[in-house]
Amino acid sequence: MTGLVISDLRLRIGQADILNGVSLGILGGEITGLAGESGSGKTMTGLVLCGLQPAGAVVTGRVEFTDSDRSIPNLLALQPREFNRLRGRRIAMVAQDPVASLHPMLTIGTQLTDHVRHHLRLSKQQATARAVELLERVQVPTPETALRRYPHQFSGGQLQRIAIAIAIACEPAVLIADEPTTALDVTVQAGILRLLRELRDDLGLAIILISHDLGVMSAIADTIAVMRYGTVIEQGSRQQVIQQPQTEYARELIAALPQVPPPGITTDAGGQPHPDAQPHPDAQPHPGVQPHPGNHPHSTRTGA
Ligand SMILES: Nc1ncnc2c1ncn2[C@@H]1O[C@H](COP(=O)(O)OP(=O)(O)O)[C@@H](O)[C@H]1O
Ligand SMILES: [Mg+2]
């Protein structure tokens, strides 16, 4: 079974202990939600799994990676060159801000085809075909036209899809998505979550979904891990963590959730609605799923 087993992962930058023993299991064909307040170490955990921690950081612990055809006992012991070969190909990350991760002066086509040509050693023609296929896969409309456009010509939701297309270009086993819906309108958000679910099911990806928003997690994650102060304080099935949280902190996070699930988001098959999830006359919209304040500058250009 593909996946990662993270044991006692620690990361120190200068005098600061950023990760204090993260232990976590991540399985292929599952979405593992990494929840927790801002600063709890979610992004840093994702970066370490890609070998992208800040220069000078001291990392200890063990990350066992099992791929379809081999197993690496400890990613943290790899030479930088070996990690470079793995990153993007077997383990890929979608950074928190898709706009920042794309070059503003290059077309989507150039960025996507350069990426697949570099990693998959394809001819220009093959790379274009692959780029079209990838945009279809992430449901960007009219892929051939999209390839000729620049990042500013897309909405936030479309850019997030394009960033996901780049991340899955080399058919990784593990996809880390860092707050993929945080900057998006609620309806667009639901579409991205549906896409992640499809990728999980169709490609058997192990997806690590990083979000500070337990509402997002409760809609989509198979497993939820709650982080606090650089450590995982609780991990279990979505149902376990949402319905029977073991820690006071998780209980508080869940108590702060709205009474209604975010609109447009349905729970997975088999997921029973939470008994408290009845619409409540006083229900406030979930703070995490408000339309982005001030509206995303591109949000009306090409739709979601
Ligand atoms: N480049 C860096 N150098 C030093 N400390 C950092 C750096 N990046 C993040 N941190 C610190 O690491 C901690 C965890 O950050 P992060 O993983 O980004 O949290 P989260 O994603 O859960 O909000 C925070 O206290 C943050 O200030
Ligand atoms: Mg973060």
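**Entry: a pair of helices.** I began with H4 and H5, which are roughly perpendicular to each other (65 to 115 degrees counts as roughly perpendicular, under 35 as roughly parallel, over 145 as roughly antiparallel and the rest as oblique). Their angle is about 115°, and their axes lie 9 Å apart. Axes here are lines fitted to C-alpha atoms, for helices over the stretch in contact, and angles run from 0 to 180 degrees between N-to-C directions. From H4, the contact uses Gly-109, Leu-112, Thr-113, Val-116 and Arg-117, and from H5 it uses Lys-124, Ala-127, Thr-128, Arg-130, Ala-131 and Leu-134. Contact requires C-beta atoms, placed from the backbone, to lie within 7 Å. I sorted the residues of this contact into 5 nonpolar, 3 polar and 3 charged (Ala, Val, Leu, Ile, Met, Phe, Trp, Tyr, Cys and Pro count as nonpolar, Asp, Glu, Lys and Arg as charged, and the others, Gly among them, as polar).

**Entry: ground rules.** This is a predicted model, where local features need pLDDT of at least 70 and side-chain atom pairs count only at pLDDT 80 or more, while totals for chains, interfaces and linings use all residues. Residues are numbered from 1 along each chain as its sequence is written, and chains are lettered from A and ligands numbered from 1 in the order in which they are written.

**Entry: the whole chain.** I found 11 helices and 10 strands (DSSP runs numbered from the N terminus: helices are H or I with at least four residues, strands E with at least two).

**Entry: H7.** How many residues of H7 are buried? I get 12 of 13, including Leu-159, Ile-162 and Ala-165. The buried residues of H7 pack against several elements, among them strand S6 (91-94), helix H4 (108-120) and helix H8 (186-203).

**Entry: H7 with H8.** These two pack at about 20°, with axes 9 Å apart. That makes H7 roughly parallel to H8. H7 passes H8 in a right-handed crossing. The residues of this contact divide into 6 nonpolar, 4 polar and 1 charged.

Methods: Buried ≥ 20, exposed ≤ 12 C-beta atoms within 10 Å, placed from the backbone. Contact = placed C-beta atoms within 7 Å. Left-handed = near helix turned anticlockwise from the far one by under 90°.
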